[in-house]
Amino acid sequence: MRALRAMPDLFRVQIAVVVAYRAEFVIWMLTATLPLIMLALWSSVASGGPVAGISQDDFARYFAVTLVVRQLTSIWLVWIYSFEVRTGRLSNRLLKPLHPFYQDATAALAAMPLRVLVLIPVLAAVIWWRPTLLEMPEWSALVVAVPALILAWLLQFTIQICFAMTAFWIDKADGLFMVFFSFFAFFSGYVAPLSLFPDWSQPLLNALPFRAMHAVPTELVAGMTTADAALWDLAVGTAWLVGFAVLARVLWTKGLQRYGAFGG
Amino acid sequence: MASTLRVVSGLLRASLVTSMQYRLDFVLDSIGGLLRTLAALGPIVLLFSVSDGVLGWTTADIAMVMGLYLVLHAFLASLIEPNLGAIVEAIRTGTLDFILLKPADAQLLTGVRQIKIAPLVDLPVGIALLGYGAWLSPPASPLDIAVAGLLAISGFFAIYGLWLLAICTSFFFVKVDNLRFLLWAAVDAGRWPLPVFARWIQWVLIVLVPIGVVTTFPVQALNGDWDGWLVGVGVAVGLAFLVGSRLAWLASLARYTSASS
């Protein structure tokens with residue numbers, strides 16, 4: 001309950017931070033060129049006709065949505081914890097009456113308005129380049145896309161927490177996460193729509209958590225999947241979320257004991 | 001000249017030893033880097049499985065472009081980026097003065113002080129891809145190979161010059177290392193053949209961030225698809241960046257008022 005009462009102020013502070021460092025935020029956002037590069041690539045591949053049933057317009061729509069979904073679910077906790085555990089700055093946050101995760105969550109959420117603001121001209125440019133990509137998906141798909149996006153964000157956050165917690169034991173938390181991220185980029189539909197993958201791999205892709213972290217909301221908004229099909233993916237994703245949340249809790253408790261042992 | 005070479009080789013040896021000091025770190029970094037490189041090859045594998053080329057560029061061509069990119073990336077991440085990044089830090093803390101006081105050329109000294117060995121894992125992967133692409137392609141004439149080599153080297157120096165130019169801005173503005181991340185993001189486009197991108201983007205990737213000269217031009221040359229114009233542009237870009245960055249470096253040093261005095 002205490003957490004809920006503190007939220008408005010936490011948000012205010014974090015939004016002030018975002019505004020103060022807006023130039024760097026914008027530059028960080030601009031470095032996420034990968035969806036645009038992939039858009040150019042797959043569009044070119046499909047220039048001679050649809051690839052695995054996906055046309056040029058489909059690719060354009062998919063990657064435009066990927067841009068948005070990625071910006072809205074992008075979190076970089078690992079570096080923060082890596083730095084704070086190493087330098088002992090975490091002690092500062094532990095002294096506060098609120099669990100540090102609340103601050104991390106609000107920090108990630110507070111950056112969203114600025115991200116959306118910067119996305120608008122980029123999206124406008126993509127739509128101007130391919131006006132035919134503008135196509136409304138079914139209402140049911142849009143409705144399911146909202147919890148799908150929330151689930152994607154929660155999965156990103158929780159998994160990052162798990163990797164961030166390894167900073168209590170090893171120096172390479174960020175290196176470890178970057179390996180995970182490169183596999184995430186491939187198996188989550190970030191660099192290529194998952195329907196391009198061979199049929200025999202689809203059950204495996206559906207079982208992994210990566211799908212729910214990016215592909216599900218993206219495919220729903222891009223009109224590449226239906227609400228019914230997505231419900232099963234959401235269930236799988238939620239199961240993974242629960243698992244990771246439990247792991248995060250365990251790692252936090254164990255990690256904190258170890259951190260305390262350093263006499264911080 | 002001989003003494004400069006001795007200095008450079010000494011520095012290289014020292015930085016190599018330093019970077020391998022922490023054996024476990026080094027092994028873990030290398031494994032992590034290798035895994036990331038392999039995961040990054042995912043899209044190309046996918047591409048090969050759903051189509052046999054893009055816009056006239058065959059599987060072999062695309063493999064060679066990616067291979068060249070990985071070779072460049074290996075040197076960029078192991079040699080260029082750590083050293084030029086260290087310059088920014090040296091300017092901020094004032095330790096650049098110590099380097100400037102030494103009797104050898106500052107640009108040379110700062111260029112070889114640090115080596116990160118781990119990113120070099122990309123080198124064998126890149127060479128393997130190059131070999132795979134070359135094996136699938138019809139053999140190239142010695143002239144084609146020579147032109148390709150010339151273009152690749154010219155492009156490599158152009159990228160180095162670009163990075164150095166970006167670093168020179170930190171003589172005047174403190175927090176511009178974000179610029180390097182933008183450069184990385186732009187260089188990332190070099191994994192794929194230039195024709196994939198729109199015309200204006202192709203020009204950006206030749207003239208502004210010359211990654212296209214390193215990865216696409218040489219493969220075109222190996223296919224025999226080159227002319228005087230291509231070679232001219234490639235060499236001109238390389239020379240322009242090399243000379244331009246050297247001039248910018250000297251000008252920046254001339255205006256540099258050291259941190260302590």
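A:Q14 lies in helix α1 (residues 2-20) of chain A, where helices are DSSP runs of H or I with at least four residues, numbered from the N terminus. A:Q14 is buried, with a relative accessible area of 8%; buried means under 20% relative accessible area with a 1.4 Å probe, protein chains only. Leaving aside neighbours within four places in sequence, A:Q14 is in contact (heavy atoms within 4.5 Å) with A:Q103, A:T106, A:A107 and A:A110.

This is a predicted model, in which local features need pLDDT of at least 70, side-chain atom pairs count only at pLDDT 80 or more, and totals for chains, interfaces and linings use all residues. Residues are numbered from 1 along each chain as its sequence is written, chains are lettered from A and ligands numbered from 1 in the order in which they are written, and side-chain values use heavy atoms, without hydrogens and water.

Two nonpolar cores are listed below; a nonpolar core is a set of buried Ala, Val, Leu, Ile, Met, Phe, Trp, Tyr and Cys residues joined through side-chain atoms within 4.5 Å.

| Core | Size | Residues |
|---|---|---|
| Largest nonpolar core | 93 residues | most contacts inside it: A:W42, B:W163 and B:W192 |
| Another core, apart from it | 47 residues | among them A:I75, A:L151, A:C162 and A:M213 |

Not counting residues up to four places away in sequence, B:W192 touches residues of chain A, including A:I37, A:M38 and A:L41, and residues of chain B, including B:P43 and B:F197.

Technical notes
Buried < 20%, exposed > 50% of the residue type's maximum accessible area, 1.4 Å probe, protein only. Helix = DSSP H or I, 4+ residues; strand = E, 2+ residues; numbered from the N terminus.
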